[in-house]
Amino acid sequence: MDSDRQREQVFKGIAASPGVAHGKVYLFLPKELDIPDDPVDESEQEAEVERFEKKLLETRQEVLKLQKEVAERLGEDEARIFDAHFLVLEDRALIEETIREMRDCGRNITYSFHKVAQRYIDAFTNMDDEYLRERANDIRDISKRLLHNLVGESHYGLSRLSDERIIVAKDVSPSDTANIEKGKVLAFITDAGSKTSHAVIMARSIQVPAVVGMRNFTRILNNGDEILVDGYDGQVVVNPSEQTLFRYGKFQEEKKSLEKKILAQIRRTTKTRDGVSIDLMANIEGANEIDRIRQYGAEGVGLFRTEYLFLNSVGFPSEEEQYQAYMTVAEAMAPDPVVIRTLDMGGDKFPNSVYRPSAETNPFLGLRAIRLCLENTDLFKTQLRAILRASKEGNVKLMYPMISGAGELDRANAILDEARNELSSNGIAFDENMKVGAMIEIPSAAITADVLARKCDFFSIGTNDLIQYLLAIDRINEQIAHLYEPTHPAVLRMIKMVIDSGHSERIRVSLCGEIAGDPVLVPIFMGLGIDELSIVSSGLPAIKYIIRNIDFTDMKRLAEDVLELDDPKEIFSLAEAFYKKNVSHLIA
Ligand code: PEP
Ligand code: MG
């Protein structure tokens, strides 16, 4: 910031990874490579092809090494991000096209590859389908690495940070962060806007704050500018004043003191001061999270998002592979429950592998989750058999995503029966009483919850989707993110409706969307009568602490009061005032 260096300025983006960081900016704007365009005559072309094949091999080995390092440092799942790079490096069509290009244009192989790769990137960038558009980034990232090798320059990415910095970038690719030194990065800020971008995944795995969707922020800042990043609220303060730093410093102190108090209570049950219990569960995406959720005091797994097994695999995982994953979690958590959700692929989640439904204009309204499974019954049944087999190893419950009504639930259950029969006739054991539930995340399911409740053993309200479908707000579109209002009266009434319908049939109702971990909103959900909250593990201790220190009667009154209001902002203010009155003093 050249002008007005001392003046504090506040910018707002999308909060993508929690935490607060204060430090100097490292503006990460990798320079364009100089691509040589010298001609090669026919006699040199064979040597150029050999050089190309050699560099492809070298690059493959480099990526393998990187993948191994990332797997060791951050875990297998994080490392699978490089699988897509191998697909590009091994793509014979692209390799042959490069060689053809060299023969046609008579220029060197580096130039030819650059041209071909750019054609691929342009084609993918212009596709309607979001998944395919994102593949352009994989091609861009790996092409850059290969081009560096062809030109003879190293690709350093963020590996050369000399001191602790806040990374500000247009976007960050897996190769850029592969050699990063964990302690050197204080936070990530990106112009690009997706909460599922690589920078965000990286920030969460190394537990630093991230704010995304900052649009042209890289143009505003200079290297070394002093900024403060609030990953809870999505705020970035440039040239923070003493006052701001004090306020945030105090906030950090409060957080530390809260953490101390919380850790002392972590093994206790989650019961309000006046004795009302709730189950506090964790959302997970793989067996590698078990230690962490135990450490954070999870009383079970309320949502096992199985699609990540599929997203990260080349080809679909076999029944045996799936069984191993489900069984590992079931066994480790036993006797605590593990709710395994069947495949929720589609929307913005697609695998790296072969299966792609045809391009859809509105993927979130398309062939997603249970719809996709009911159209691909072999795939679905393979998963159901794997879950059933795992059910004998622990307290497994099965849950269907995106149920829209009773007919769909019946069809899913009929296939589940077929899977049971197949196992029985092969003498394979499973828990015959395994509970089966439905996610309530489509308004039609919520409205017919009384019918569904008679056909289910439990409900789990998926507010991430329920809010997007109810308010018609795309959950990943940053331009309308401010309209995504969990405190909209329609949302709260719908949650109440589902809880009441479930309770009328004496089934338990859980809430597993991100807002289940929002300390300001949790008292409302408790007051509405929710039986279980399932959240990302790092949020568990604070939520447990808060619930254990408030009276249920107060939360019930709060829920009654907010149901009388019709303005989302007013409802939020009331919840916030409740939080300040009943919770803030606990953490002061
Ligand atoms: C939800 O929609 O609230 C949910 C938990 O499912 P997902 O975020 O995986 O769609
Ligand atoms: Mg959902």
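Which molecule takes up the space of the largest cavity? In this predicted model, where local features need pLDDT of at least 70 and side-chain atom pairs count only at pLDDT 80 or more, totals for chains, interfaces and linings use all residues. Residues are numbered from 1 along each chain as its sequence is written, and side-chain values use heavy atoms, with hydrogens and water left out.

The largest cavity turns out to be the space taken by ligand 1. Here a cavity is a set of points, on a 1 Å grid over the protein atoms alone, where a 1.4 Å probe fits but cannot get out.

Around ligand 1 there are 15 residues, and the closest are Arg305, Arg341, Gly462, Asn464 and Arg475; to be counted, a residue needs a heavy atom within 4 Å of the ligand. By type, the shell holds eight charged residues, four polar and three nonpolar, where charged means Asp, Glu, Lys and Arg, nonpolar means Ala, Val, Leu, Ile, Met, Phe, Trp, Tyr, Cys and Pro, and the others, Gly among them, are polar. At least two shell residues come from each of β10 (301–305) and α19 (463–471), and α19 gives the largest share, with three residues. Such helices (H or I, at least four residues) and strands (E, at least two) are DSSP runs, numbered from the N terminus.

Several polar contacts (pairs of N or O atoms within 3.5 Å) can be followed in the structure. The side chain of arginine 305 places an N or O atom 2.7 Å from an oxygen atom of ligand 1, while for the side chain of aspartate 465 the distance is 2.9 Å. Glycine 462 takes part through a backbone N or O atom, 3.3 Å from a ligand oxygen. Taken alone, ligand 1 exposes 290 Å², of which the protein buries 99%, with areas from the Shrake-Rupley method and a 1.4 Å probe.

Notes:
Chains are lettered from A and ligands numbered from 1 in the order in which they are written. A polar contact is a pair of N or O atoms within 3.5 Å; within protein, one must be able to donate a hydrogen and the other to accept it, and residues adjacent in sequence count only if both atoms are side-chain atoms. On a 1 Å grid over the protein atoms alone, a cavity is a set of points where a 1.4 Å probe fits but cannot get out, and a pocket is an open set with protein on both sides within 12 Å along at least five of seven lines; lining residues have an atom within 4 Å of a point. A molecule sits in a cavity or pocket if more than half of its atoms lie within 2 Å of its grid points.
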